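User: Please take a close look at a single part of this structure and then show how that part sits in the rest of the chain. I want one connected account.

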Amino acid sequence: RFFIFIFLLFFVKGYGMIFKPQIWINSVLDIDEDFLDKYNIKALVLDPDNTLSMHGNPAAENGIPEWLQHMKNIGVPMRIVSNNTNKRVAPLAKKLGLPFTANGCKPLTFGISKAIKIMGVPKKQVAVVGDQIFTDIWGANNAGIRNFLVRPVDPDVIAGNIKGAVSVLVEPFHMESAWTFKLKRKAESLFFHRDYSKLETKEKK
């Protein structure tokens, strides 16, 4: 029923845009002072799975702890918003040293709005960062929030099956089960094509 609902929405004039990310980036690691200044962003709402860590693995990916510390050092408020339960989110949030909102109900705006209120930053200066079209991007667009779609590491990328993708080697326990990941990506493809050639690029210093 959920996918039938989405399918019908897609064909109602104007609704297709709710699935469209505003900015594509390779990873949260691409977000720095220049990037934040460019889009006038002062605070970040972060999805944990496949954005800060691999699904089902309560440990940050390489470079994430250092990036988070840098964001904290420059005064950027951050809060995890996840659709998972408190039991699932708390271990990772504790390791990352981030406050969190569990049971965020994305794509509904409850969790995102709560996070923004707690951080005390004007909505127009907040961005949602995540890898999922049907939760992170749809939820952000519903809330009228700027959003950044990150490129997840998924079984197809690892296998080199996506044209133009860079293969990434990870341990097997890092990955969400292949069939559930592929099911979600297949559903996404009905409404949105992930063209990685459109990734936001930055000049290397």
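Helix H4 spans residues 86–96, and its buried residues are Arg88, Val89, Leu92, Ala93 and Leu96. The arc that they cover around the axis is only 105°, which places them on the same side of H4. That arc is taken from the directions that run from the helix axis to the C-beta atoms. An α-helix has 3.6 residues a turn, so residues three or four places apart point the same way. Buried here means under 20% relative accessible area, exposed means over 50%, and partly exposed lies in between (1.4 Å probe, protein chains only). Helices (H or I, at least four residues) and strands (E, at least two) are DSSP runs, numbered from the N terminus.

The model is predicted: local features need pLDDT of at least 70, side-chain atom pairs count only at pLDDT 80 or more, and totals for chains, interfaces and linings use all residues. Residues are numbered from 1 along each chain as its sequence is written, and side-chain values use heavy atoms, with hydrogens and water left out.

The face of H4 turned away from the buried side carries Lys87, Lys94 and Lys95, which are exposed. On the buried side, the residues of H4 pack against helix H3 (64–73), strand S3 (78–81) and S4; contact means heavy atoms within 4.5 Å. After H4 comes Gly97, with a positive phi near 70°.

Two strands count as paired if DSSP finds at least two bridges between them.

S2 (residues 43–46) pairs with S3 in the parallel sense over three bridges, and Leu46 stands opposite Ile80 in S3. S2 is also joined to strand S5 (residues 126–130) by four bridges, again running parallel, with Ala127 of S5 as the bridge partner of Leu44. Both faces of S2 are covered: Ala43 and Val45 on one side, and Leu44 and Leu46 on the other, are all buried.

Which residue forms a salt bridge with Arg88? The partner is Asp49, and the closest N and O atoms are 2.4 Å apart. This pair links distant parts of the chain, since Asp49 lies in the loop between S2 and H3 and Arg88 in H4, 39 residues apart. Asp49 and Arg88 are both buried. A salt bridge is a side-chain nitrogen of Lys or Arg within 4 Å of a carboxyl oxygen of Asp or Glu. By this rule the count is three salt bridges.

Asp47 pairs with Lys106, with the closest N and O atoms 3.2 Å apart. This pair also links distant parts: Asp47 is in the loop between S2 and H3, Lys106 in the loop between S4 and H5, and they are 59 residues apart. Lys106 forms a salt bridge with Asp136 as well, at 2.7 Å between the closest N and O atoms. Lys106 lies in the loop between S4 and H5 and Asp136 in helix H6, so this pair ties together parts 30 residues apart in sequence.

Lys106 is buried, at a relative accessible area of 7%, and Asp136 is buried at 0%. Asp136 sits in H6 (residues 133–143), and its side chain reaches the backbone nitrogen of Asp131 at 3.2 Å. Not counting residues up to four places away in sequence, Asp136 touches Asp47, Lys106, Val128, Gly130 and Asp131.

For the chain as a whole, the secondary structure comes to eight helices and six strands. The chain has 205 residues, of which 47% count as buried. Among contacts between residues at least 6 apart in sequence, 65% join residues at least 24 apart.

Note on methods: A polar contact is a pair of N or O atoms within 3.5 Å; within protein, one must be able to donate a hydrogen and the other to accept it, and residues adjacent in sequence count only if both atoms are side-chain atoms.
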